[in-house]
Amino acid sequence: MLRRHTAAGRRAALTALGALVLTGVTTAATAAPPPPAPASTAAQTLGADRPPAAVVRAMERDLKLKPGQAAERLVNEAEAGVRAGRLRNSLGKRFAGAWLRGATSAELAVATTHADDVSAIEAQGAKAVVVKHPLSELQAVKAKLDKAATSANTRDTPVWYVDVPTNRVVVQAIKRPAATAFIKAAGVQDKGVTVRVSAARPRPLADLVGGEAYYIEGSARCSIGFSVTKDTQQGFASAGHCGNAADSTAGFNMAAQGTFKASTFPGKDMSWVGVNSNWTATPDVKGEGGQRTQVTGSVQALVGASICRSGSTTGWHCGTIEQHDTSVSYSEGTVNGVTETTVCAEPGDSGGPYLSGSQAQGVTSGGSGDCTSGGTTFYQPINPILSDFGLVLKTATAQAGSPAPQDNGASAWAAGRVYEAGATVTHAGVRYQCLQSHQAQGRWSPGATPALWQRM
């Protein structure tokens with residue numbers, strides 16, 4: 001994990017600035033102009049048609065894009081999520097994953113296990129890829145590795161995941177014999193698991209504007225993730241390894257801030273801090289140059305999509321999503337269900353926010369490398385944090401309160417509930433199926449958001 005210990009000299013240099021906000025990147029006043037092409041319904045719903053200037057600049061810098069390509073890419077990614085969701089629902093058990101390619105994410109690839117599906121995939125403007133294993137089968141293999149990790153020594157096999165584009169499960173190992181032993185312990189040696197040898201050994205990254213510093217029990221520093229609410233209590237989401245329940249926190253100015261209300265680590269890497277009345281939750285995240293961008297939702301982005309991160313050590317950096325549902329073995333224990341990215345980070349960045357456009361994706365868990373030579377990071381997805389702790393993400397539409405109780409079956413749609421892709425609900429007497437994982441908002445009712453819901 002990337003957790004930085006407090007230095008007395010740094011503490012003395014901090015200036016008390018009074019009441020503080022929980023935020024993160026760019027205001028509407030600094031937003032870049034919309035792309036020249038007409039915005040789609042999906043782009044409008046997700047705010048991809050009006051990207052913040054700080055996001056665009058950082059994407060151009062870190063992804064080496066030409067002027068105009070960043071804005072085009074964000075619109076393409078919003079569109080692709082809808083098409084991928086529709087195809088996931090229609091292919092059912094034959095679905096084998098979806099991912100994006102190209103400088104502007106212009107190519108959406110969707111995999112199936114049946115050649116008869118090619119024409120239906122191409123009709124949605126996607127490239128069809130016929131593979132051997134459905135996604136559900138690969139996920140079952142990974143689940144066996146997850147189970148084996150509870151008793152096996154995974155120090156030299158720190159990462160394992162489903163690699164959707166190659167249609168295989170991968171174990172990343174420091175030494176190949178360690179991977180062989182881990183695969184055998186899981187009983188999946190005949191399941192085509194691939195070994196990737198790498199010297200990288202991820203560690204957690206710990207050190208209320210999203211991305212702004214906060215201090216734990218006067219001895220460590222982490223970064224604020226996203227502002228949240230629970231009933232009338234305001235606070236922020238962060239990484240679990242940053243602190244334990246009841247630990248006290250101080251803000252960037254060392255003023256008393258709040259306490260950890262709940263924390264999970266290892267297994268998952270999630271926590272949330274309830275703040276005192278001197279702090280106000282906002283939908284902002286701190287970006288490049290101290291500018292802020294507003295969070296508008298938590299729609300999960302596809303593999304290959306662009307993503308940017310804010311942290312109190314290294315600031316604002318961008319990259320791409322490598323794969324979801326990754327397992328990482330830190331020295332403190334294994335964390336499952338994180339997402340791997342090409343974004344760099346360093347100690348103190350832990351807990352900070354990841355966004356795709358204006359959509360919250362997760363909080364920094366750990367990684368390897370640094371922002372000088374480059375590296376890999378992992379984030380804890382935000383939607384499971386909201387669901388597990390019963391939190392409501394603070395967005396630009398001033399959503400607040402507490403979510404309705406989770407219900408995995410078909411039931412009435414409710415604002416504040418986290419819905420996974422494929423979930424079914426009823427609303428105004430009509431059944432709908434979820435296209436993209438997200439926390440529902442009042443303005444995102446199924447009938448009004450075809451980018452998120454498909455009428456059945």
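This is a predicted model: local features need pLDDT of at least 70, side-chain atom pairs count only at pLDDT 80 or more; totals for chains, interfaces and linings use all residues.
Q: Why are the buried residues of α8 said to lie on the same side?
A: The buried set is I382, N383, I385, L386 and F389. They cover an arc of only 160 degrees around the axis, so they sit on the same side of α8. The arc is taken from the directions that run from the helix axis to the C-beta atoms. An α-helix has 3.6 residues a turn, so residues three or four places apart point the same way.

Q: How do you know that P52 is buried?
A: Buried means under 20% relative accessible area, exposed means over 50%, and partly exposed is in between (1.4 Å probe, protein chains only). P52 has 8%, so it is buried. P52 lies in the loop between α2 (41–46) and α3. A71 is 19 residues away from P52 in sequence and 9.5 Å away in space, C-alpha to C-alpha.

Q: Why is E420 called partly exposed?
A: The relative accessible area of E420 is 43%, so it belongs to the class in between. E420 is in the loop between β27 (418–419) and β28 (424–427). Leaving aside neighbours within four places in sequence, E420 is in contact (heavy atoms within 4.5 Å) with C434 and S437.

Q: Why do K64 and A428 count as exposed?
A: K64 has a relative accessible area of 72%. A428 has 75%. Each value is over the cut-off for exposed, so the label holds.

Q: What sets the backbone of K64 and A428 apart?
A: Phi is positive in each, near 55 degrees for K64 and about 55 degrees for A428. Most residues other than glycine have a negative phi, and most peptide bonds are trans. K64 follows α3, in the loop between α3 and α4. A428 is in the loop between β28 and β29 (430–434).

Q: Which peptide bond is cis, and what is its omega?
A: The bond joining F265 and P266 is cis, with omega about -5 degrees. P266 is in the loop between β14 (256–264) and β15 (270–275).

Q: What makes a space a cavity or a pocket?
A: On a 1 Å grid over the protein atoms alone, a cavity is a set of points where a 1.4 Å probe fits but cannot get out. A pocket is an open set with protein on both sides within 12 Å along at least five of seven lines. Lining residues have an atom within 4 Å of a point. Grid points join across faces, edges and corners; the volume is the space filled by probe spheres set on them.

Q: How much space lies in the largest cavity, and what lines it?
A: About 190 Å³. There are 18 lining residues, with L46, E77, A78, A301 and S356 closest to the centre. α4 gives the most, four residues.

Q: How much space lies in the largest pocket, and which residues are closest to its centre?
A: About 870 Å³. Of its 31 lining residues, R88, Q139, Q300, H324 and D325 are closest to the centre. α4 has the largest share here, four residues.

Q: What makes a set of residues a nonpolar core?
A: The members are buried Ala, Val, Leu, Ile, Met, Phe, Trp, Tyr and Cys residues, joined through side-chain atoms within 4.5 Å. The largest such core has 51 residues; M59, F226, W316, I385, Y419 and W453 touch the most other members. α4 gives the most to this core, five residues. Another core lies apart from it, with 46 residues, including A84 and V141.

Notes: Residues are numbered from 1 along each chain as its sequence is written. Side-chain values use heavy atoms; hydrogens and water are left out. Helices (H or I, at least four residues) and strands (E, at least two) are DSSP runs, numbered from the N terminus.
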